[in-house]
Amino acid sequence: MNLDEALEFLLSHQPLPADRELNEVTIQKYDEVRRFFLAKPDVACIRPFLGSFGEGDGLGVYQLVGDVFRRLPRTAVVDALAESLMSRCRSVCYWSAQLAAEFPSAELVRPLLGLLKVDDYDLKYAALTALEQSGSSAVVHEIEEFLSRENDNELRELAQEVVESLEGRI
């Protein structure tokens with residue numbers, strides 16, 4: 001496999017099929033591409049990887065993409081995450097929020113706060129987790145506003161924990 005083949009595969013799977021439709025050949029090729037970029041880091045893979053996340057967990061492979069990103073310049077990853085967090089594709093937003101927790105940045109705060117307004121438990125949970133990792137006490141007010149309108153008890157509990165954690169850093 002070479003760079004062009006790896007990128008072509010990712011770009012032809014924007015996103016990958018949902019897990020229930022994902023076949024073994026495709027996910028094995030995806031993992032081969034992941035391992036290629038792990039061995040030969042290249043910023044050209046960031047946006048194609050972010051756009052490749054389908055519904056589900058990629059049969060356990062999506063969680064491993066962060067290993068590739070950790071070998072790349074942090075600013076390039078954060079810039080791409082800021083865009084992918086605003087994707088129209090739910091699965092791209094979800095996995096981007098998961099990764100945002102590993103790359104905390106003030107640049108990601110606004111798009112993460114935007115996910116708190118989406119009617120989706122998983123997106124809100126991932127966004128709250130990433131916001132806590134951001135360490136930005138400036139978001140406390142917005143999370144308190146979220147608390148005032150959120151009805152789900154688990155999300156409310158998590159949001160309260162995030163507020164307390166962030167306030168404790170002041």
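Is Asp-31 buried or exposed? Asp-31 is buried, because its relative accessible area is 17%, and buried means under 20%, exposed over 50% and partly exposed in between (1.4 Å probe, protein chains only). This is a predicted model, in which local features need pLDDT of at least 70 and side-chain atom pairs count only at pLDDT 80 or more, while totals for chains, interfaces and linings use all residues. Residues are numbered from 1 along each chain as its sequence is written, and side-chain values use heavy atoms, with hydrogens and water left out.

**Surroundings of Asp-31**
- Asp-31 has its place in helix 2 (residues 24-39), where helices are DSSP runs of H or I with at least four residues, numbered from the N terminus.
- Leaving aside residues up to four places away in sequence, Asp-31 touches Val-61 and Leu-64, a contact being heavy atoms within 4.5 Å.

**Salt bridges**
- The structure holds 10 salt bridges, each a side-chain nitrogen of Lys or Arg within 4 Å of a carboxyl oxygen of Asp or Glu.
- One of them joins the side chains of Arg-47 and Glu-83 (2.9 Å, N to O), and this pair links helix 3 (residues 46-51) with helix 5 (residues 74-84), 36 residues apart.
- Arg-47 counts as partly exposed at 41% relative accessibility, and Glu-83 counts as partly exposed at 46%.
- Lys-124 and Glu-150 also meet through their side chains (2.7 Å, N to O); Lys-124 lies in helix 8 and Glu-150 in the loop between helix 9 (140-149) and helix 10 (153-167), so the pair ties together parts that are 26 residues apart in sequence.
- Both Lys-124 and Glu-150 are buried.

Definitions and conventions:
Helices (H or I, at least four residues) and strands (E, at least two) are DSSP runs, numbered from the N terminus.
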